[in-house]
Amino acid sequence: MDRKGLTRRDFLKLFGLTTAGIGFGDSLTSSALGQEGVRKVLSVLEGIVADRPKVIWFQAAGCTGCSISLLNSVHPDIAQVLTRIISLEAHQSLMAPCGKQALNVFEEAITQKAGKFILIVEGAIPTAEKGLYGRFGEDENGELTLLHWVKRLGDAAKAVVSVGTCAAFGGIPAAEPNVIGAKSVGAVLSKPVINVPGCPPHPDWMIGTLAHVLLFGLPDLDEFQRPKLFYGKEIHANCPRYFDFEKQRYAKHPGDEGCLIFQGCKGPIAQADCPQRLWNNGVNWCIGSKAPCLGCVQPEFPDRLSPLYAALPEEKIRTKFKPPEKKKP
Amino acid sequence: MTTHLTIDPVTRVEGHLKVDLEVEGGQVKDAKCTGSLFRGFELIMRGREPKDAQQLTQRICGICPQSHGLAASLSLEEALGVEPPENARIMRNLMQGINYVMSHLLHFYHLAVLDFVKGPETAPFMPAYKGDYRLPQKANEAVIGHYFQALDVRKKCHEMLALFGGKMPHSVTSVPGGVTEKPTVDRIVSFAGRLKEVRLFVEQEYVPDVLGLAKYYADYYRIGSGCKNFLSFGVFPLDKAHKQRLFKRGTYLQGRDGEMETKHISEQVKHAWYQEETSNKNPLQGETVPRVKKNGAYSFVKAPRYRGNPCEVGPLARMWINGDYRRGISVMDRTAARALETLKIVRALEDWIGQLKPGEKTCNEAGPVRQGEGAGLTEAPRGAVGHWIRIVEGKTQEYRIIPPTNWNCSPRDDADVRGPLEEALIGTPIKDPKNPIEAARVIHSFDP
């Protein structure tokens, strides 16, 4: 096809895009407030289910990426999750209450709703200097810490789910030199924790795990407390580039065709269903975009998988797969 | 009589923020902003393979990972002396641009709007501050309807980014030298198809909602002005040499436009929990040495200054420096500039998606480097972001990050001058100290 055959105008027309558009001046004088068009969307609120199971989401030392990934859920979408499946009692990035009012929501969960809520923690827990690298609220005795809150919320919760690799294993905050003493949630609580790692985790993994806990109880877990349903197999075993690996066709640079093992791909040791599930409504995934898997669902991430773009040592691959040919590409 | 107020936590932000207020005669007389979490990314980068920075630093922020990854890639490209091909420049603009749209929609509908609009009577919308929610019932309902609709639109934005970025949050394709993903025609049409839906929402709902809201809260054009200095690193290069950008690089200091040169940036720590001797240094000359119990300090955020001045960064700063918006500096101006910037970007994206050339190069090879320095300057949706790297013997020896929130939410500097958000809070009327909703509006207008 002659690419030049299609002018920019043709291209825009093809998609009903605009070339003219409204100027800022016009928009400044118009207002859609009060329009009827949102009635359909509002019907979502008419379907609010009463007495949904209570969930407290607590953000510790993380980046909010797990929360944003949760918002990317396709089926059910996040509006359904919030109005029909769970009652999200607290979540720092989404909750309307602010300051003392917000702190009270967490406090009341501990004192009045103990045993009646599921705790989801995002982020690692700073433990050095008595937790002072992560401060959160205060009481009459002074500053409180993330460590303080995770311990108390964790003790009061019916079940605890760690979402993301920071909460599950320490992740990047716990990377060397770890001056803040970042630890996983499991390491600071005395009760068992379900881990849903990933940086971030796929929304299906988070919602699927939560649904399992609510409907069928504890899911089947692997040695790292991850639901086997999602983390059951090495990415390498289901990779569409596995045939390239078998045929010893290796990518020479990131972006090349061929097995990415010499570009640092951690697929042979990373266990997750990314190759089948795909990401963001199925449009792509890491290896699909010609970039190596970083192994972000593993307890070894990132320190013991660094440098990120260096090939795994051969013995790590050999445990389950035939090693790659000695000679490099 | 002075009342002391603490808003801790400030919710509906990314990260951990606390604000202390002194209220006297129904007005804020003094304010202090505290960033209450330290993770130590700059320390984590030391001794690592330099190329790992563009992956690891994305994890600074799950809302704007694209911008941190890009800043890291740019700093590495300067250090390694490699230039990405045109396709990569365009794909990076597309990914960064659609993440701006995602972030601005998220900020308005899901983080900020609940300060102005009553949410549904269920968690997590209740409880909320009591206050003057002024929209008529129908308009209030319309905005809440858009709250849910915007959840869907912002999700689509991430799908568009993932087409070229692999996945979101934390995309994987931007590497020093370019982008690994290829602009195949199926990806181009998938992006363009979704873009139309996104543009319609921005044009027909987001911008009108913001401007409609502004009519009911017109007094907020006079509240929350702040330091009145702006800084922008510039973003969305329009040519290979980055000579032209959709938003230009520059400063606006004491009422005058000026150039931006990084040699005038310093980070000051008199009031931050870091070792005193590290204060007032240019980024790569500086060091990060935390001291969690330092007297007189109250934040993990350092105080970056330009020629010694606090500077506001973000959509209003970019639009102001670029000459796109100069109505005023306030809560409502910040909110309006953010919406109008979204409109400008969503239209630019329509141009850029048509410029990709399937089959042509997306990545130039970046060889290993033993020694070198580089600066990566770009703009995250919430403002200027800079990464600086020094490579010695093939490893990262020093890494410095100044994210936008350091500029906006900085504590007092070495001369005890307040940061932009602190200054913006001064004079804010507080009707009921138990429900300081007016302060929440000022704080959220910065998208901290």
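1. In this predicted model, the contact between helices H8(B) and H11(B) is made by Val331(B), Arg334(B) and Thr335(B) on the side of H8(B), which meet Arg441(B), Val442(B) and Ser445(B) on the side of H11(B). Sorted by class, the residues of this contact are two nonpolar, two polar and two charged.

2. The geometry of the pair can be stated in a few values. Helix H8 of chain B covers residues 331-353 and helix H11 of chain B covers residues 437-445, and the two pack at an angle of about 40° with their axes 9 Å apart. Angles under 35 degrees would count as roughly parallel and those of 65 to 115 as roughly perpendicular, and H8(B) and H11(B) are therefore oblique to each other. The crossing in which H8(B) passes H11(B) is left-handed.

3. How much of H11(B) is buried? Of its nine residues, eight are buried, so the helix is largely enclosed by the rest of the structure. The buried residues are Glu438(B), Ala439(B), Ala440(B), Arg441(B), Val442(B), Ile443(B), His444(B) and Ser445(B).

4. A reader may next ask which elements the buried residues of H11(B) pack against. In chain B these are the strands S1 (2-7), S2 (17-24) and S3 (27-35), together with helix H4 (86-112), helix H8 and helix H10 (420-425). Just after H11(B), the backbone at Asp447(B) takes a positive phi of about 50°.

5. Turning to chain A, there is an open sheet of five strands, arranged in the order S2-S1-S3-S7-S9 and with parallel pairing. Its edges are formed by strand S2 (87-91) and strand S9 (194-196) of chain A, each of which pairs on one side only. On average, and with direction ignored, neighbouring strands of this sheet are turned by 20° against each other.

6. The loop between helix H9 (185-188) and S9 of chain A contains Ser190(A). Is Ser190(A) buried or exposed? A residue counts as exposed if 12 or fewer other C-beta atoms lie within 10 Å of its own, and Ser190(A), with 8 C-beta neighbours inside 10 Å, therefore counts as exposed. The C-alpha atom of Ser190(A) is separated by 35 Å from that of His236(A), a residue that stands 46 residues apart from Ser190(A) along the chain.

Terms used: Residues are numbered from 1 along each chain as its sequence is written. Chains are lettered from A and ligands numbered from 1 in the order in which they are written. This is a predicted model: local features need pLDDT of at least 70, side-chain atom pairs count only at pLDDT 80 or more; totals for chains, interfaces and linings use all residues. Axes are lines fitted to C-alpha atoms, for helices over the stretch in contact, and angles run from 0 to 180 degrees between N-to-C directions. Helices (H or I, at least four residues) and strands (E, at least two) are DSSP runs, numbered from the N terminus. Angles under 35 degrees count as roughly parallel, over 145 as roughly antiparallel, 65 to 115 as roughly perpendicular and the rest as oblique. A crossing is left-handed if the near helix is turned anticlockwise from the far one by less than a right angle, and right-handed if clockwise. Two residues are in contact if their C-beta atoms, placed from the backbone, lie within 7 Å. Ala, Val, Leu, Ile, Met, Phe, Trp, Tyr, Cys and Pro count as nonpolar, Asp, Glu, Lys and Arg as charged, and the others, Gly among them, as polar. Two strands pair if DSSP finds at least two bridges between them. A residue is buried if 20 or more other C-beta atoms lie within 10 Å of its own, exposed if 12 or fewer, and partly exposed in between; C-beta atoms are placed from the backbone.
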